[in-house]
Amino acid sequence: MSIEQTLTSQERLAELDLDQLRQLVGLVEYDAADDPFPVTGWDAVVWAVGNATQTALFYQAIFGMELVAYSGPETGNRDHRSYVLRSGAVRFVIMGGVDPASPLLDHHRRHGDGIVDIALEVPDVDRCIAHARAQGATILDEPHDLSDAHGTVRTAAIATYGDTRHTLVDRSRYSGPYLPGYATRGPGRPQGARGRVFQALDHVVGNVELGRMDSWVGFYNRIMGFTNMAEFVGADIATEYSALMSKVVASGDHRVKFPLNEPAAGRKRSQIDEYLEYYAGPGAQHVALATNDILHTVDVLRGRGIEFLDTPGSYYSDPGLRARIGEIRVPIEELTARGVLVDRDEDGYLLQIFTRPIGDRPTVFFEFIERHGSLGFGKGNFQALFEAIEREQARRGNF
Ligand SMILES: [Fe+2]
């Protein structure tokens, strides 16, 4: 299989190659021949928000994303406005209801700003749906073609946790900016690498109800042919009051990674319980965006007003930290100054940082991650992170 065939259309557009992706998001070799549900990579993260017009501006002005396509009343879509944004290989689609009867407004009333669709690019939509159906998946949209002057997209959708879906997209016969019906939009300037603060999507985490983590891991194993990654967080990693359990499933080459969390019993309500209450059910908890210079990313975003979780001072003064992390590319003082966390496993290390929730509800947030060989998710940082999140919860009176 040639390199060209294994990149998504968005990755090719971003001029990323497999070597860069291996570094950025921890790609591994794999044999697609036996995969019952081949996935090329991420297609889009689709959001339903209360005000798509303003949110799209937020992602341009603060996150440095570029507006590339638009659908709305002006293009014949009377139901909602939809803005397509990109940064490197990452595509966000921001939707908000226009028609008072739009189902997007019902979604927003229930869940607040959140992710409605984690769309994946696949080489063969029909083959994936046939396998998913045989394994008992809920098919939300049967395979069908969408066409315009730019060509044809074949697409379908299956249900996952909560009100979240996975749309599957084959865009091999399509050259338009997003999907048929969307008009090309944007400032017309090429997106220079300097303006970008992230290049690729690393993982999207799902929060599910108590006792449901293993059944959702089974869903991804059975329906989508995903395999389990080594990282497992048990309830033993927790503070006195709050706990979670976490397992990770991934597509064949690890391009698409889904950690799945469930709350674990503690003396007080865990951060996952808080999410489930305020999102009114299971949903996507955080989106991890890969950068090759996390110090620059944090400096730019903080300068534009983004708030990150505080890291306890004790995290950096812990004499065990240097021994645990070993040699890394920057002095620890540079990480301390920014609150960037570091974790190491047998394959290498990673640097990571988490934002506060980005909407009004204490639900969805972002992670920025810079990988150096590590294929993990920062398990060694869970304890430090937990303590930081609990302080935030207490400030909101939810702890
Ligand atoms: Fe994460």
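The UniProt annotation "binding site", from an unreviewed entry, covers His-203, His-286 and Glu-367. UniProt positions follow the numbering used here, feature names are shortened, and annotations may be inferred rather than shown by experiment. These residues are spread over 165 residues of sequence, yet they cluster in space, with a largest C-alpha distance of 9.3 Å. The model is predicted: local features need pLDDT of at least 70, side-chain atom pairs count only at pLDDT 80 or more, and totals for chains, interfaces and linings use all residues. Residues are numbered from 1 along each chain as its sequence is written.

His-203 lies in strand S10, residues 200–207. Strands are DSSP runs of E of at least two residues, helices are runs of H or I of at least four, and both are numbered from the N terminus. His-203 is buried, with 23 other C-beta atoms within 10 Å. Buried means 20 or more such atoms within 10 Å, exposed 12 or fewer, and partly exposed in between, with C-beta atoms placed from the backbone. Beyond four places in sequence, His-203 touches Lys-257, Phe-258, Pro-259, Ala-288 and Phe-377. Contact requires C-beta atoms, placed from the backbone, within 7 Å.

His-286 is found in strand S14, residues 283–290. His-286 is buried, with 23 other C-beta atoms within 10 Å. Leaving aside neighbours within four places, its contacts are Val-205, Val-364, Phe-365, Phe-366 and Glu-367.

The protein chain has 12 helices and 17 strands. Of its 399 residues, 49% count as buried. Among contacts between residues at least 6 apart in sequence, 69% join residues at least 24 apart.

Methods:
Contact = placed C-beta atoms within 7 Å.
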